[in-house]
Amino acid sequence: MLGLMQDQPLLISGLIDFADKHHGDGDVVSRRVEGDIHRYTWSDVARRSRQVANALDGMKLGFSDRVATIAWNGYRHLELYFGVSGSGRVLHTINPRLHPEQIAWIANHAEDQVLCFDMTFLPIIQAVHSKCASVKHWVAMCDADKLPSDTGIPNLISYEAWMGSQSTTYQWPVFDENTASSMCYTSGTTGNPKAALYSHRSTTLHAYAAALPDVMCISARDAILPVVPMFHVNAWGIPYSAALTGAKLVFPGPGMDGKSVYEMIENEGVTYAAGVPTVWQMLLTYMKPNGLKFSTLKRTVIGGSACPPAMIDAFRDDYGVEVLHAWGMTELSPLGTLCTLKNKHLKLPKEEQMKLLLKQGRAIYGVDMKIVNDAGDEQPHDGKAYGDLLVKGPWVVANYYKGEGNPLVKDKDGHDWFPTGDVATIDADGFMQITDRSKDVIKSGGEWISSIDIENIAVAHPAVAMAACIGVAHPKWDERPIVAVVKKPDAQVSREELLAFYEGKTAKWQIPDDVVFVDSIPIGATGKMLKTKLREQLKDYKLPTA
Ligand code: AMP
C-alpha cells in the first residue's frame, strides 16, 4: 500500500520560491569586486534569479546544458545558483585558483555553454577563452558601464545587460528531482579532475540536513558569513540552507584577508561564519595584535582540513566563539560529519569535552559510515581501531560525471560504499576522527603515526604559524616522520626547542625525527596543504637519524 501524501519533487526552485514568499524582506549583503557594499533582499534574489532563467531561455539553452561560473561569493553568483538550476540547467562552479590549463580542460570536459565570471578573473578568461570550444557566451558579472571595450573576448556581455532587461516573471519548470542541478570537479592531486554531479534531490536533502541543530544549526536568527567559497562544493550548501531557513547572508566577495573578514563580521552583525582553517588563521593573526574582539559572532564552522586544537582554544577562550569542527568532501555535497556534544557530555570537565570537540564529529542522518581494514573487515567503534572510512547516502556520489572511474566499492554483504581515502577511528558514541589521508599515513616499524596529530602539536607552539608532517624513508623503520614548519613573523624557535615541545604530548616513538624550517608550505586550490608538492620540495632531504 502506498502512502497517500502529495508527491512533490524536491527542486531548487522550491527553495528560492519559499525564500521569496516567507522571508522576502531578509537581507543579503555582499562586498562587491568594485569594493563597495551591495544590499538587497531575498525577494530581490528571487526576482533576479527569474530574470537569469529568462536570459538563459533567450540564449536557447537546452535542459541540462551547463552554465559555468568563475566567481567570488556574492549576490550575482547567488542568483545564478537559483536561476541556472531552477530553470533545469546545470550550474558548473569553477575554482579560479586552478591553473588556467586545468580551467580550460574542465570547461571543455563539462561542455560548458555559458561562462559567467567576476571581473577579477578577466585575465584568466583572456588566457583560456580561445581554448574553451564549447563556450558560446561569455558574461562578465558587472554593470554595463563597467565592461571594458577591448578585452579580446568575442561577444562579451555584461551580466546586467544580459539579464537586467528580462521579464521578472518566470514559471519554474517541474521535473524529476533526480535531475542534475550543479557540478563541481574534485581537486584530485593525481590524474585529471573528476566531477561530482549533484541533483535537485541530493541538494535539497543536504540543505535540510545542514540546517539541523546538530549539524550547522542555521536559523532565521542567524547572519551567516560563508567565507568558504561558492566555487567549491557550493559553499558547503549554505546558500541553499539560508534560503530554506531565511538566514541573513553576508558575502565577503574578494575580501578574504583578516581585516576584510573582520570588518564584514562586525559591520553586518554576523553571528555565524564558515571556512577552512587557513582563513581563520589569517583572521586571528589580524585580530590579536590589534586587540580586537567580536561583538556578535557566536559560532564558526571549520572544516576542509583538520582544525588545530590551538585554533579551537583561541576562538573559545579569547573570543567566546564556539567552533564546530566539520568533515566533508566534494563527493559528499560536502557534509559528512559535524562535531557537537551529546546531552551526556555536558557534565564532563572542559578538557574532556575538548577531546571530543577536536574530532571531526558524528555522522549526519543521511550519511552512513564505517571503517574497514585492508581485508574489508569492519573495525570496532572503540575510538582506537582505525581503518579506511567508507560512506554511503543520498547525497554521496554514485558515479562521476561521464562515468569516469567507478568510485564505489562493494562490501562483503554486496552493499555499495564510497571509499573516502581518509583513515579514521570511530568511538562508541559515534564520533569519527580522521587520522590521515590514506596516502599521507606514516608507517614506522609497522605502526601508523597520524600526521595530523604531529601537526596539531607543532601549531600549538606559540612561534609556529603552520606545520606539515610527512614520512621520510628510513633504513630500519621504513619511514619516520619529520615536520616542516613555518614560523610566525618575528618569532623564534629552534629545532631542539620544538622537538622538546613534543615531550609528554605524544608517545616517544611518534615524535618527529627532525624539524625543517621552511618559508611556506604549498597550498592547493581548495586551501589544503599539498603534501605531494612538499615531498617533492624536500626530495633531497636526508634524515639525521638514518
Ligand atoms: P575536498 O573534496 O577537496 O573538499 O576534500 C575532501 C578531503 O578534505 C577529505 O577527504 C579530507 O581528507 C579533507 N578534510 C575535509 N575536512 C576535514 C577535517 N575537518 N579534518 C581533516 N581533513 C578534512
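Trainee: Which strand gives the largest share of the shell around the ligand, and how many residues is that?

Mentor: Strand β14, residues 322-328, gives the largest share of the shell, with four residues. Strands here are DSSP E runs of at least two residues, numbered from the N terminus. The model is predicted: local features need pLDDT of at least 70, side-chain atom pairs count only at 80 or more, and totals for chains, interfaces and linings use all residues. Numbering runs from 1 along each chain as written, and side-chain values use heavy atoms, without hydrogens and water.

Now the whole shell. The ligand is surrounded by 15 residues (a heavy atom within 4 Å). Ala-326, Thr-330, Gln-360, Asp-422 and Arg-437 are the closest. By class, eight residues of the shell are polar, four are nonpolar and three are charged. Charged covers Asp, Glu, Lys and Arg; nonpolar is Ala, Val, Leu, Ile, Met, Phe, Trp, Tyr, Cys and Pro; the others, Gly among them, are polar.

Next, the polar contacts (N or O pairs within 3.5 Å). Thr-330 has a polar side-chain atom 2.6 Å from an oxygen atom of the ligand. Arg-437 also brings a polar side-chain atom to a ligand oxygen, at 2.7 Å. Both residues are among the closest in the shell. Ala-306 uses its backbone instead: an N or O atom there lies 3.2 Å from a nitrogen atom of the ligand.

Finally, the cover. On its own, the ligand has 500 Å² of accessible area (Shrake-Rupley, 1.4 Å probe). The protein covers 92% of that area.

Technical notes:
Polar contact = N/O pair within 3.5 Å; in protein donor to acceptor, adjacent residues only side chain to side chain.
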